[in-house]
Structures are given as C-alpha cells and as structure tokens.
Amino acid sequence: MSLLAQKQVFELPAFTFQCGRTLPVRLGYETFGTLSPEKDNVILVVHYFSASSHCAGKYQESDPLPGFWDGLIGPGKAVDTDRYFVICADNLCNCGAKNPNVVTTGPMTIDPETGKPYGLRFPVPEVLDVVNTQKALLESLGITHLKAVMGPSFGAMTSWQWAVAYPDWMDAIIPVIGTPKLPVWGGFNPLQYAIKVAKIDPKFHGGDYYDQPDPPTDTLRLCLEMMNVAAFQAGYYERTYKRDVANDRACYESVLGQATFEDKLDAVVELSVPFVDLNHWLYTCRMCLNYDTSRPYGGDLDAALGRIKAKVLAIPSRLDVLHPWQFVQWVTDRIVWLGGQAECFPIDSDLGHMAGILQTHLFDHKVRDFLSRL
C-alpha cells in the first residue's frame with residue numbers, strides 16, 4: 001500500500017520578492033511522517049524544474065504513478081517517514097500551473113488590481129525567493145531548524161541556496177544533480193532557447209495569451225522537447241526512441257515529414273501539454289538562468305561556499321550535461337578546503353541528468369548512511 005498524499009495550502013498575504021515588489025502568495029505543500037514534539041526531525045524536499053510538491057506516495061491507490069522520489073521517501077526507505085517529517089512545497093511559478101494538484105502563484109495568477117492574469121507583469125523571482133517562501137511556510141508550522149534540505153536538479157540548486165543564505169537553519173544538505181550556480185551551457189540549452197522561441201512566436205502576445213483563441217501551444221511543445229532531450233543522455237534515447245526504418249515513409253517523402261522516433265517523442269511530450277503553462281515555464285527558466293549563490297558576494301563563489309555550515313552530501317551524475325559532475329566535485333573539494341564538511345558521491349547512468357530523479361536506487365544507500373550520521 002502506498003503512502004497517501006494530501007495537498008495543503010499555505011497563504012502569505014504579503015510576500016516581498018528580492019526585486020522589492022510585494023504580492024500575495026499562495027502555494028501548495030505536502031507532508032509525510034509525524035512532526036516530533038520538539039520539531040527537530042524535519043527534512044525539506046525541494047522539487048525539480050517541472051515537478052511539484054508531490055514527492056512521494058499517491059493521492060489515491062488507483063493513481064498510475066507515485067510522487068517523483070517515492071523510491072527514496074517512505075516508511076523504512078532512505079528518507080524514513082517513520083523517523084522524519086518530510087515537507088515539500090510547490091515552487092513559485094510552478095510549471096504545472098494548470099494541474100489541479102498544483103497550487104502556485106505566478107504569471108497565470110489573477111492580479112487583484114486588474115482582475116486579469118499577471119502575465120509578464122509578474123515579478124521575476126530568484127531562487128532565494130523560493131527559499132524564502134519555504135522558510136515562511138516552515139515558520140508558520142513552528143519549525144525553525146531542519147535536519148536536512150534536499151532535492152534533485154532545481155531542488156539541488158535550492159538546497160545550495162538554503163545553505164548559503166541561512167547557514168544556521170539546517171544540519172545538512174543533499175543536493176542531487178545540481179550546483180551552487182547554473183553552468184552556462186545548461187543556461188543556453190534548453191533554458192535561454194525556450195525564452196527566445198517564445199519571443200518570436202506571434203501567438204505569444206508578449207505573455208498575454210490567456211484570452212486568445214489560439215494560444216502558443218507549439219512553442220510550449222518545443223520547450224518541453226528541448227528540456228527532455230537535454231535532461232537524458234544518448235544511450236537512453238537509442239533504447240527508448242529506436243529508429244523503425246521499415247515503417248518510416250513521411251520523412252523520406254517530405255523534408256517536413258517525421259520519422260517514427262520523432263513521432264514517439266512528440267507523443268510523450270503531448271502528455272504534459274495540458275498541465276503546463278508557457279509563461280510559468282519561461283519564468284522557471286529565467287530563475288534558473290539567473291541562479292548564482294555568489295551574486296550577493298560580488299560573484300565570489302568562495303565567499304558563498306564559505307558561509308555553509310551544513311554537512312554536504314552532493315550527488316551528481318557522471319553523464320549529466322546540465323550540471324557536470326566535475327563542477328560538483330570541485331565545489332565539494334573547495335568547501336573542504338574552506339574548512340567545511342562535504343563529500344561528492346557521483347553516480348553512473350546513461351539516463352544522464354534524470355538519473356538523480358528516476359534511479360534513486362543508485363544512491364539511496366548513501367543517503368540512508370549519511371542521514372544516520374547526523
């Protein structure tokens with residue numbers, strides 16, 4: 001029997017973004033396990049780019065799939081919910097803004113001053129804004145210290161940001177497939193390209209497409225495909241999207257035709273289209289593009305890393321092109337050089353970046369051991 005998840009809602013009547021603007025914010029969250037009387041058994045999990053707070057369990061037994069880290073979180077698992085109280089919140093500008101199980105505030109939200117969606121008038125959040133909404137949520141529950149902050153990809157980036165911004169708040173961080181500033185290559189592809197494609201789409205209407213009869217769905221599909229292709233690795237694609245030359249016809253008859261492996265990726269992406277809002281996707285892209293924990297310190301990464309008091313277990317994937325494992329190794333070595341406690345545990349998989357999300361069996365034993373020593 002699966003863990004049963006329930007969405008709860010947290011509201012901030014006035015949240016001030018790093019840019020200085022103040023707006024009401026409403027976010028969903030899910031919890032697993034029991035909060036101890038001392039409130040000292042809390043692990044904050046932060047979701048990846050296109051996921052949500054649904055990190056484990058199912059809303060009902062008939063759900064086809066559980067939360068994204070169900071292999072890692074639950075009774076007796078590495079993140080043992082018989083021992084820890086796990087909490088995960090929907091991020092600001094969550095990509096799945098059209099998903100009924102997601103509660104988020106972003107461009108699709110109605111601006112109380114105009115009665116219309118904010119669109120691109122919504123402030124550009126930083127990863128630190130995501131951290132600060134999570135901090136406010138925790139404080140509303142009477143939680144002032146965390147056993148650990150952890151998450152994959154965007155969740156790893158947020159874990160690093162937590163440790164730099166609020167070094168006394170946690171005992172440890174476990175950033176999986178993520179770095180303390182976004183590598184430039186991962187910024188260009190697929191993040192910056194997604195924004196550029198939207199800008200040249202006449203259906204985008206400068207982000208004000210919500211009342212248009214023909215929204216920029218083709219651009220959204222392309223954004224989803226670019227992210228999919230960047231997140232996996234070549235070997236995975238050779239297995240999953242095999243050529244079928246015996247049945248390919250259209251691609252040989254017209255330059256605009258497609259091979260069967262192209263059609264298959266289109267079909268996979270199409271499953272996400274009804275739940276994703278393009279503006280929210282682009283805002284999350286921009287949050288990632290702007291992400292650098294050293295920015296408040298003049299770009300001095302040593303100054304940022306030197307603030308970290310938490311013990312660090314960083315888990316990169318060796319075939320990850322978005323957050324290269326060599327950079328993660330360098331960061332953990334640097335933290336040790338600066339007097340901190342950090343270790344790097346690279347995993348091997350031709351799923352590339354997505355190994356940190358889909359193959360938790362590669363590192364669950366390491367997480368279990370690390371948490372047991374806190």
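**Close-up views of a predicted model**

**View 1. S317 and the residues around it.** S317 has a relative accessible area of 0% and is therefore buried. The model shown here and in the other views is predicted. S317 sits in a loop, with β9 (311-314) on one side and α10 (325-337) on the other. Which residues does S317 touch, leaving out those up to four places away in sequence? They are I177, W325, I347, S349, G352 and A355. I177, the one taken up in the next view, is among these contacts of S317.

**View 2. I177, a residue with positive phi.** I177 belongs to the loop that connects β8 and α3. Its phi is near 50°, which is a positive value in a residue other than glycine. Is I177 buried or exposed? The relative accessibility of I177 is 0%, and buried means under 20%, so I177 counts as buried.

View 3. Strand β3 covers residues 42-46. Five of the five residues of β3 are buried, so the strand is largely enclosed by the rest of the structure. The side chains are divided between two directions: V42, L44 and V46 point one way from β3, while I43 and V45 point the other way. The residues of both groups are buried. Which strands pair with β3? One is β6 (residues 85-89), which runs parallel to β3 and is joined to it by five bridges. In this pairing, V45 has C88 of β6 as its bridge partner. Another is β7 (residues 146-152), which pairs with β3 in the parallel sense over three bridges. Here I43 has A148 of β7 as its bridge partner.

**View 4. Strands β7 and β8.** β7, which pairs with β3, also pairs with β8. How many bridges link β7 and β8? There are six, and the pairing is in the parallel sense. Strand β8 spans residues 170-176, and six of its seven residues are buried, so β8 is largely enclosed by the rest of the structure. The loop between β8 and α3 holds I177, the residue of View 2.

View 5. L72 lies in the loop between β3 and β4 (73-74). With a relative accessible area of 0%, L72 is buried. Its contacts, not counting residues up to four places away in sequence, are K77, A78, V79, M150, T360, F363 and D364. How far is L72 from H361 in space, C-alpha to C-alpha? The two are 7.9 Å apart, although 289 residues separate them in sequence.

View 6. The loop between β6 and α1 (127-140) contains G96. The relative accessible area of G96 is 9%, which is under 20%, so G96 is buried. Leaving out residues up to four places away in sequence, G96 touches V102, F275 and V276. The C-alpha atoms of G96 and A51 are separated by 7.4 Å, and the two residues are 45 residues apart along the chain.

**View 7. Two backbone details: P190 and K39.** The peptide bond from N189 to P190 is cis, with omega near 15°. P190 is located in helix α3 (residues 184-199). K39 lies elsewhere, in the loop between β2 (22-32) and β3. The phi of K39 is near 55°, a positive value in a residue other than glycine. K39 is partly exposed, with a relative accessible area of 29%.

**View 8. The whole chain, for orientation.** The chain has twelve helices and ten strands. Its radius of gyration is 21 Å, close to the 21 Å that the globule rule gives for 374 residues, so the chain is as compact as a globular protein of that length. The C-alpha trace spans about 65 × 50 × 50 Å along its principal axes. Of the 374 residues, 54% are buried. Among contacts with a separation of 6 or more, 73% are between residues 24 or more positions apart. The chain exposes about 16,400 Å², and carbon and sulfur atoms supply 53% of this area. The mean positions of its 32 positive and 42 negative charges are 3 Å apart.

Key
Residues are numbered from 1 along each chain as its sequence is written. This is a predicted model: local features need pLDDT of at least 70, side-chain atom pairs count only at pLDDT 80 or more; totals for chains, interfaces and linings use all residues. Side-chain values use heavy atoms; hydrogens and water are left out. Helices (H or I, at least four residues) and strands (E, at least two) are DSSP runs, numbered from the N terminus. The radius of gyration is taken over C-alpha atoms; the globule rule is 2.2 Å times the number of residues to the power 0.38. Buried means under 20% relative accessible area, exposed over 50%, partly exposed in between (1.4 Å probe, protein chains only). Contact means heavy atoms within 4.5 Å. Accessible areas come from the Shrake-Rupley method with a 1.4 Å probe; for residues, only the protein chains shown count as cover. Lys and Arg count as positive and Asp and Glu as negative; His and the chain ends are not counted. The place of a charge is taken as NZ of Lys, CZ of Arg, CG of Asp or CD of Glu. Two strands pair if DSSP finds at least two bridges between them.
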